[in-house]
Amino acid sequence: MVRWEPDAAGRLRTAAVELFAERGVDATTVAAIAERAGVTERTFFRYFTDKREVLFADQGQFASRFVTGVREAPAGASPMDAVVAGLREAQGFFPPERRDGARVRAAVIAANPGLQERELLKMAGVAEGMAAALRDREVADPVATIAAQAGIAVLGAAFAGWLAEGETRELPELIDEALRALRSLTAS
């Protein structure tokens with residue numbers, strides 16, 4: 001085992017997702033993840049509380065991008081335009097080079113009901129963060145909650161499209177498409 005190589009957390013994430021895809025989450029041990037990453041189990045626990053946390057460790061950074069976008073939207077922006085600003089800020093979390101890894105991560109989550117629940121809770125937390133940022137902008141409920149939930153629905157549709165096999169368009173274009181679909185629903 002190598003004594004020290006940079007980016008242990010990144011190597012642990014890669015190793016975990018690979019092993020989860022190969023063996024399943026339940027059949028993958030922390031010891032196996034650490035071994036594949038070239039670190040000790042002790043090093044694993046310096047970065048993550050448990051093996052499932054590897055898939056969700058960047059949740060705080062992810063959620064903060066949405067909230068930052070909403071908070072930094074122009075003062076006169078409508079509630080939905082502020083949410084769109086949050087989506088625009090957050091789309092940078094998924095550059096083109098992350099697509100293949102995101103596909104594998106999504107497949108791992110789809111194969112495990114407990115991880116699906118955790119993912120849904122994560123997205124509910126993002127929606128609540130955006131709704132709170134809207135309330136800070138003096139948007140009352142239920143408008144703040146509805147706008148934030150609509151933003152999550154737009155993101156979900158766009159992200160599913162981005163992960164689809166054969167899809168070559170990038171996430172910003174797919175977000176625009178999903179926003180047009182939402183606007184067409186509310187125009188009538």
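I take a nonpolar core to be a set of buried Ala, Val, Leu, Ile, Met, Phe, Trp, Tyr and Cys residues joined through side-chain atoms within 4.5 Å, where buried means under 20% relative accessible area, exposed over 50% and partly exposed in between, with a 1.4 Å probe and protein chains only. The model is predicted, and I note that local features need pLDDT of at least 70 and side-chain atom pairs pLDDT 80 or more, while totals for chains, interfaces and linings use all residues. Residues are numbered from 1 along each chain as its sequence is written, and side-chain values use heavy atoms, with hydrogens and water left out.

**Entry on the cores.** I looked up the largest nonpolar core and found 36 residues, of which F62, F66, M130, L134, W162 and I175 have the most contacts inside it. At least two residues of this core come from each of α4 (59-71), α5 (79-91), α7, α8 and α9 (171-187), and α8 gives the most, with ten residues. Helices here are DSSP runs of H or I with at least four residues, numbered from the N terminus. A second, separate core holds 22 residues, including A15, V30, F56 and L115. I then followed L134, which touches V70, P79, A82, V83, V139, A144, A147 and A148 when residues up to four places away in sequence are not counted; contact means heavy atoms within 4.5 Å.

The 24 residues of α7 reach 35 Å from first C-alpha to last, close to the expected 34 Å. Its buried residues are L115, E119, K122, M123, V126, A127, M130, A131, A133 and L134, and they pack against α4, α5, α6 and α8.

**Entry on A150.** I located A150 in helix α8, where it counts as buried because its relative accessible area is 17%. Its C-alpha atom is separated by 8.8 Å from that of A127, 23 residues apart along the chain, and, leaving aside neighbours within four places in sequence, A150 is in contact with M80 and L182.

Most residues other than glycine have a negative phi, and most peptide bonds are trans. I therefore checked E138, which counts as exposed at 74% relative accessibility; E138 has a positive phi of about 70 degrees although it is not a glycine, and lies in the loop between α7 and α8. P142 lies in the loop between α7 (113-136) and α8 (143-163), and the peptide bond from D141 to P142 is cis, with omega near 10 degrees.

**Entry on the largest pocket.** I use pocket for an open set of points on a 1 Å grid over the protein atoms alone, where a 1.4 Å probe fits, with protein on both sides within 12 Å along at least five of seven lines; lining residues have an atom within 4 Å of a point. The largest pocket has a volume of about 910 Å³, and its lining has 30 residues, of which A102, R105, A106, E119 and F159 lie nearest the centre. Seven lining residues, the largest share, come from α6.

Conventions. Points joined across faces, edges and corners; volume = space filled by probe spheres on them. Expected span 1.5 Å × (residues − 1).
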